[in-house]
Amino acid sequence: MGQREDIEDSLGKIWGGRYEIEEFVGRGGMGLVFKAQQLGMDRVVALKVIHRRLCQDEKQVQRFQQEARTSSRLSHPNSIRVFDYGKAEDGRLYMAMEFLHGLTLGKLISQEGTLEPSRVIHIARQMLKSLAEAHQKGLVHRDLKPENIIICEIHGETDFVKVLDFGIAKA
């Protein structure tokens, strides 16, 4: 089954008995990301689902599990929050995270070009706060790039940074 079929097959389904898939959001190296409703909690989440082909690769399964464990240890407001992790009925692993509205730093730079120095400092300071918490817990991100930095508006604050994808973090 290809990714397109995985996307179409997933829409409207209940994952892990707790998450109803609403729409496809994007894809990454390890899996597909969906917008989902957490049943019983009335919360919208981003549900990251590992690719079927990776479920057969123990190293990739361990990496996905490590991302879930590592990310769930972080509580800084500039780090992505992970709510849950599990295995679906078909054997695929999933991770439920906070759903963010925003752009990656890479897309922001592509759209706007050179950013004002004060804005760069504001964004960098938030990234460093997230990484400082990770480092205090003995974690090194190892995949910090513009695609893993989301720039959002949260509670009226613009350029609010969220650091994602601690999948290859090293303890």
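Modeller: Buried means under 20% relative accessible area, exposed over 50%, and partly exposed in between, with a 1.4 Å probe and protein chains only. The model is predicted, so local features need pLDDT of at least 70, side-chain atom pairs count only at pLDDT 80 or more, and totals for chains, interfaces and linings use all residues. Residues are numbered from 1 along each chain as its sequence is written, and side-chain values use heavy atoms, with hydrogens and water left out.

Biologist: Is isoleucine 149 buried or exposed?

Modeller: Isoleucine 149 lies in strand S8 (residues 149-154); strands (E, at least two residues) and helices (H or I, at least four) are DSSP runs numbered from the N terminus. Its contacts (heavy atoms within 4.5 Å) include Leu103, Met127 and Val163. With a relative accessible area of 1%, isoleucine 149 is buried.

Biologist: Which side chain of opposite charge is nearest to lysine 35?

Modeller: Lysine 35 belongs to strand S3 (residues 31-38). It is buried yet has no salt bridge, a term for a side-chain nitrogen of Lys or Arg within 4 Å of a carboxyl oxygen of Asp or Glu. Lys and Arg count as positive and Asp and Glu as negative, while His and the chain ends are not counted. At 4.2 Å, the nearest side chain of opposite charge is glutamate 23.

Biologist: Against which elements do the buried residues of H4 pack?

Modeller: Among the buried residues of H4 are Ile123, Met127 and Leu131. On the other side, Pro117, Ser118, Leu128 and Gln136 are exposed. The buried residues pack against helix H3 (105-112), S8 and strand S9 (157-163).

Note on methods. Lists of a residue's contacts leave out its neighbours within four places in sequence.
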